[in-house]
Amino acid sequence: MSKRDFYDVLGAAKGASADELKKAYRKKAKELHPDRNADNPDAEAQFKEVNEAYDVLKDPEKKAAYDRYGHAAFEGGMGGGGGRPGGGFGGGQGDFASAFSDVFDDLFGDMMGGRGGGGRQRATRGSDLRYNLGVTLEEAYSGLQKTLNVPTTVQCGECDGSGAEGGAEPTTCPTCSGMGKVRATQGFFTVERTCPTCSGLGQIIKNPCKGCGGTGRVQKERALSVNIPAGVETGTRIRLSGEGEAGMRGGPPGDLYIFIEVEEHKIFERESTELHCRVPVSMAKAALGGDIEVPTIDGGRSRVKIPSGSQSGRQMRLRGKGMPALRGGGTGDMFIELAVETPVNLTSRQKELLREFEGLAEDNNPESSSFFSSVKNFWDSMKG
């Protein structure tokens, strides 16, 4: 069976430039690769035919011989392989491997993290960032829109993230051929390590960008607007996708995670959606009963009725005056704990009235009076 014309195999015109031939080869090889044509039994043979055609046409000497003599240049000892009998395919394995790496990169580059070849960038995703944000309890109650100034790295504008001067693309590392790793044989073992020339990137930059030093990124502080929802608690995490550090060599950026810390309040203590506070009341108000006003987290005030005879530690509930639930589910309650205050700095008249009250209390409570008498007698006996 006669061989097809190599230009027809690649789908290229005769006289095509090296770049045009390479582009045609990569297109055909990618199209006919056996891994992409599992149902086509002829794909492997066609793929080999494409590789054979490109191996000849990419070499200037072989191409000149083929253009003049056709397939006969590599048959019957015509020496189209640079003076070697039999046609010159045997000595070009290194060049063929280099050419094939371009196709391999196209097929599997995404899975392998952007392996090099043909000067393509080896993109690396940027790092995630953490920002600790303090908010007041009032802000946690109502929610707010807040502008943050976040120090981070962004893509260099001078090289568009490539890291090369003038925006030129990096070149394949000659040490590892774009693999990012090199292998060394030690006896029966083969050791693989990171390429020392490119530090595992698979590419090198001959002329680094002066603006970023070849990293493709520069330090900058960005102003970001973030929505803090009502009901956030300490430890709540808010994710801003794509707002982290810029990726290396044009890679995608990382994410920004905002961790909320709700500041302590001088009046209220929080337990999930509940609020607790201690409210001072006078001794007379606690004894006689009455109404008092207490502050609420929304900035208002609520009137609370104090029953007569209330003691310190007594709790009362204000429904719906607590914190909103972060993901819906209504609003919690507010609990008031009474703290009965003992009067200080009494005037003479106030002292007189309290003594009179104490006497009347003993007259009205003989059991209480008897109790105090028993306590007094006990202490007197101890002193004796």
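**Helix α4**

I started by asking which residues of α4 are buried. In this predicted model, I found K62, K63, A65 and Y66 to be the buried residues of α4. These four cover an arc of only 165° around the axis, so they sit on the same side of α4. I then turned to the other side of α4, where P60, E61 and R68 are exposed.

D67 is partly exposed, at 43% relative accessibility.

**Salt bridges elsewhere**

Next I wanted the total: how many salt bridges does a search of the whole structure find? The search gives 19. I picked out a few to follow up.

I went to R125 and D128, whose side chains meet in a salt bridge at 3.1 Å, N to O. I noted D128 as partly exposed, with 39% relative accessibility. R125 is partly exposed too, its relative accessible area being 44%. I also checked which residues are linked with them. The answer is a network of salt bridges made up of R125, D128, R239 and D255.

My next stop was E337, which forms a salt bridge with R278; here the closest N and O atoms are 2.8 Å apart. E337 lies in strand β15 and R278 in strand β11 (residues 274–282), so this pair ties together parts that are 59 residues apart in sequence. On accessibility, I have E337 down as partly exposed at 24%. R278 is exposed, with a relative accessible area of 55%.

**The sheet around β11 and β15**

In what order do its strands stand? I read the order as β10-β11-β15-β14, four strands in an open sheet with mixed pairing. The edges are taken by β10 (269–271) and β14 (315–318). Each of these has a single partner strand, so one side of each is left without a neighbour in the sheet.

I stayed with β14 for one more entry. Four bridges join β14 to strand β15 (residues 334–341), and the two run antiparallel. For a handy reference point across this pair, I noted that R317 stands opposite F335 in β15.

**A nonpolar patch**

Last, I looked at the surface. Which residues form a nonpolar patch there? I found M283, L354 and F357, with about 290 Å² of accessible area together. M283 lies in helix α7, which covers residues 283–288. I recorded M283 as partly exposed, with a relative accessible area of 40%.

**Recap for my own use**

I would go back to two places in this model when showing a colleague around. One is α4, with K62, K63, A65 and Y66 buried and P60, E61 and R68 exposed on the other side. The other is the open sheet β10-β11-β15-β14, where E337 and R278 form their salt bridge between β15 and β11.

Definitions and conventions. Residues numbered from 1 in each chain as written. Predicted model: local features only at pLDDT ≥ 70, side-chain atom pairs only at ≥ 80, totals over all residues. Heavy atoms only, no water. Pairing = 2+ DSSP bridges. Salt bridge = Lys/Arg side-chain N within 4 Å of Asp/Glu carboxyl O. Buried < 20%, exposed > 50% of the residue type's maximum accessible area, 1.4 Å probe, protein only. Patch = residues over 30% accessible without salt bridge, like charges linked within 9 Å, V, L, I, M, F, W, Y side chains within 5 Å. Areas by Shrake-Rupley, 256 points an atom, 1.4 Å probe, with all protein chains shown as cover. Arc of directions from axis to C-beta.
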